[in-house]
Amino acid sequence: MEIIKGVHVTELDEHGVQVGDEYIETDNAFWLAGVKASPAGEWLGAEVDRGGRVKVQSDLTVPGHPNIFVIGDTACVMQDGKPLPGVAQPAIQGGHYVAKVIADRIAGREHREAFKYVDKGSMAVVGRTYAVVESGPIHTVGFFGFVMWVFLHLYYLIGYRSRVQVLLTYFLGYFSAFRRKGGSRIIMLGRRQAIPDYPQARTLDKTTG
Ligand SMILES: Cc1cc2nc3c(=O)[nH]c(=O)nc-3n(C[C@H](O)[C@H](O)[C@H](O)COP(=O)(O)OP(=O)(O)OC[C@H]3O[C@@H](n4cnc5c(N)ncnc54)[C@H](O)[C@@H]3O)c2cc1C
């Protein structure tokens, strides 16, 4: 493994990545440098973090604007001195919280409770039928983790119709995996494990320099 530091990735296509002056050919590229938030922070003229996320108050409002709430990937919510991760749970829980605040205001009640994110754990699909799940006492990898991932994602989707649609898509993807060669969503784990379709990899580290 070779680690290249202090350079930016400037191009990415189906054959490889451009890193500084060098073009590295690869069939597999993994983007770990994060994403840029929506430009909502600019529209609002609000203070934003490095990724463009709006720095909100503990009730998820924009400072100086008690009627403007920012949640999910667009919000930088600090909890215990750290920003919450840009994943689905903070967005879902933020949505529930703001809905309650607005309902209370309409009913003439004061909502004094600050937003408190509850970390329910982490899940990631790292192969077509292979996932890692860490939630409370549950730590599992492999096919069982994948089944948990599928059903928990379905559980959090809104509406019966979208659940059925997504379940069908998962099934199609699962069965087509037997006909196709090569994985599309594989990461390297710390220890060597028999991951289906394990690819050759060259790792770039800290390309945001
Ligand atoms: C490739 C990828 C994989 C991920 N995997 C996971 C995972 O496994 N687990 C996990 O928890 N999280 C995962 N995430 C993160 C998760 O998707 C986000 O944190 C979550 O969707 C944030 O929810 P949100 O409502 O803030 O934004 P979104 O879900 O992005 O919703 C924003 C919506 O606003 C719409 N929109 C944008 N601009 C405008 C506009 N100007 N006007 C009107 N509508 C607009 C968009 O079309 C979109 O529908 C992943 C993200 C990516 C990109």
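Two strands are said to pair if DSSP finds at least two bridges between them. Helices (H or I, at least four residues) and strands (E, at least two) are taken as DSSP runs and numbered from the N terminus. Four bridges join strand 1 to strand 2 (residues 16–19), and the two run antiparallel. The model is a predicted one, in which local features need pLDDT of at least 70 and side-chain atom pairs count only at pLDDT 80 or more, while totals for chains, interfaces and linings use all residues. Residue numbers start from 1 along each chain as its sequence is written.

The protein chain contains four helices and twelve strands. A residue is called buried if 20 or more other C-beta atoms lie within 10 Å of its own, exposed if 12 or fewer do, and partly exposed in between, with C-beta atoms placed from the backbone. Buried residues make up 16% of the 209 residues in the protein chain. Two residues are in contact if their C-beta atoms, placed from the backbone, lie within 7 Å. Of the contacts in the protein chain with a separation of 6 or more, 39% are between residues 24 or more positions apart.

Val-9 has Val-19 in strand 2 as its bridge partner.

Thr-140 in strand 12 is the bridge partner of Val-133.

A nonpolar core is a set of buried Ala, Val, Leu, Ile, Met, Phe, Trp, Tyr and Cys residues joined through C-beta atoms within 7 Å. The largest such core has 15 residues, and those with the most contacts inside it are Val-54, Val-56, Leu-60, Val-70, Ala-75 and Val-77. Strand 7 (75–76) and helix 2 each supply at least two residues of this core. Apart from it lies another core, of six residues, including Val-126, Tyr-130, Ala-131 and Val-133. Not counting residues up to four places away in sequence, Val-77 touches Val-56, Leu-60, Pro-83, Leu-84, Pro-90 and Phe-115.

Phe-146 is located in helix 3 (residues 143–156). Phe-146 counts as buried because it has 23 C-beta neighbours inside 10 Å. With residues up to four places away in sequence left out, Phe-146 touches Val-125, Thr-129, Tyr-130 and Ala-131. By contrast, Ser-122 is exposed, with 12 other C-beta atoms within 10 Å. Ser-122 lies in strand 10 (residues 122–127). Its C-alpha atom is separated by 9.5 Å from that of Val-87, 35 residues apart along the chain.

The residues around the ligand include Ser-38, Asp-73, Val-87 and Ala-124. Helix 2 (residues 88–106) gives the most to this shell, with three residues.

Notes:
Near = placed C-beta within 6 Å.
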